[in-house]
Amino acid sequence: MTLEIRPTIDPRDPSFLQDVADGSVRLTPSQGLQLFHDLPLAELGRWADKRCRAIHGEHIRTYVMDRNINYTNVCTAKCTFCAFRRDLGADDAYTLSFEQIDEKITELTAIGGTQILMQGGMNPELPLEWYESLLGDIRKKHPGVHVHAFSPPEVVEFVNFFDPPGTTFREKVHWVLSRLQAAGLQSIPGGGGEIFAQAVREKIGLGKCCAETWLTVMHVAHELGMNTSATMMFGHIDGVADRIHHMALVRDWQDRALRDFEQDGGGRYMAFISWPFQRENTPLGRVREWAPDTDGEFPGDVVAQLDGSGEKSMHSEFGRRLRLSGASDYLRTQAISRLILDNIYSIGASWVTMGPHVGQIALQFGANDMGSVMMEENVVSAAGTTYCMSEQVLCHLIRDTGFTPAQRDNSYDLLAVHDTAASPDLQVEDWSMLRASPAQDSSDTLVSLTQS
Ligand code: SF4
């Protein structure tokens, strides 16, 4: 369905916003930017919540039980926000064996988990056959577990490492993804999205693919019938217009996926998840924080353009000042993503870095999903505080916000609606041992949540 666009109207007009919330009108990027800056936080949240309720109803909010498996930390890229990667040959470089991966999945299924999110560094030592054998092994031993794996930057490196047949990049991606899909890959996570604007990308994602390439990989996945997610990592050197541009690109490419492939059973972006940059242990985190009183306008805002055309030459200090995101900036960003991304079903609350109570508020700022309940997380937690909690605590947080918690699968179909006395959180008699807490390690009984 083509949504109406009213580019000349003031987007703060309540009747216009009601139409956006109802899903009959599309925001332009400049209207999105104006709403981000001009609407009071609570009001922006209320409109995002209305839009969320129009799609997901009044009652149920979801989570998924899965495990993040980072199969290798060897990586050819040098993202400045990453504390996880290692060079090939480093003392603490690793690649998990099939047995170690099998053990992790067995632990996952023992607690009712249904999905693995498998991502790694870009390791030039692993051939295509290694990935095909791994996927085959997982499918054979764990046929009921959904394999959500290999973000676009990994797929791009697969193309570089494996030299597949094809004359265009798109054909090569098609060949690689077809092989992986035949071996057992079912959907693609949105890792490596960061910020699409090239000026930002060049500064923070050294060796990582550009936006067009990232989006093309996902378009091929959609053509092959695989669903994907999209992500955004903000709150570093980016300007607010970069975030809006990023969301608008995801929306455009979702339109293309639906137009090109929907009738033939193609895939699509099922979810959008955004989270603030975590600075600890990262090169980017050592950049000086922006001081509004002495530094003037934030360089990222000067460079950021809604059409993505910003260039680093537009401000001499671009990339040399950080503007970290707090809770209100995070909630504002998530709320505007719900209003702009009118063709994306799920908006995920990312409390892994912000903490569970901000996650609860996120459910009232446009998010319908508390994301992945995971048994371990290595990439984000290497760069700062992450939180872990049990399924009981997660259900409790959703219920405490006024919703019924429900476990979902990768397609967002509901597996268990916890509306009876047998619900995980309603079984708990002593809550003193079950508070959410900063993650210490990869506990078997506690689960931590992360993104994508
Ligand atoms: S974020 Fe991913 S691609 Fe970038 S350096 Fe770290 S492991 Fe490599």
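The chain has 16 helices and 17 strands. Both are DSSP runs, numbered from the N terminus: helices are H or I with at least four residues, strands E with at least two. The radius of gyration, taken over C-alpha atoms, is 21 Å, close to the 22 Å of the globule rule (2.2 Å times the number of residues to the power 0.38) for 452 residues, so the chain is as compact as a globular protein of that length.

A word on the source. This is a predicted model: local features need pLDDT of at least 70, side-chain atom pairs count only at pLDDT 80 or more, and totals for chains, interfaces and linings use all residues. Numbering runs from 1 along each chain as its sequence is written.

Next, burial. Buried residues are 52% of the 452; buried means 20 or more other C-beta atoms, placed from the backbone, within 10 Å of the residue's own.

The axes of H3 (residues 41–56) and H13 (residues 327–340) come within 9 Å and cross at roughly 40°. Axes are lines fitted to C-alpha atoms over the stretch in contact, with angles from 0 to 180 degrees between N-to-C directions. From H3, the contact includes Trp47 and Arg51; from H13, it includes Leu331 and Arg338. Contact means C-beta atoms, placed from the backbone, within 7 Å.

Last, the ligand. Which residues are around it? Cys75, Ala77, Lys78, Cys79, Cys82, Phe84, Arg85, Gly121, Met122, Pro153 and Lys208. The cut-off is a C-beta atom, placed from the backbone, within 6 Å of the molecule.

Terms used. Contact = placed C-beta atoms within 7 Å. Buried ≥ 20, exposed ≤ 12 C-beta atoms within 10 Å, placed from the backbone.
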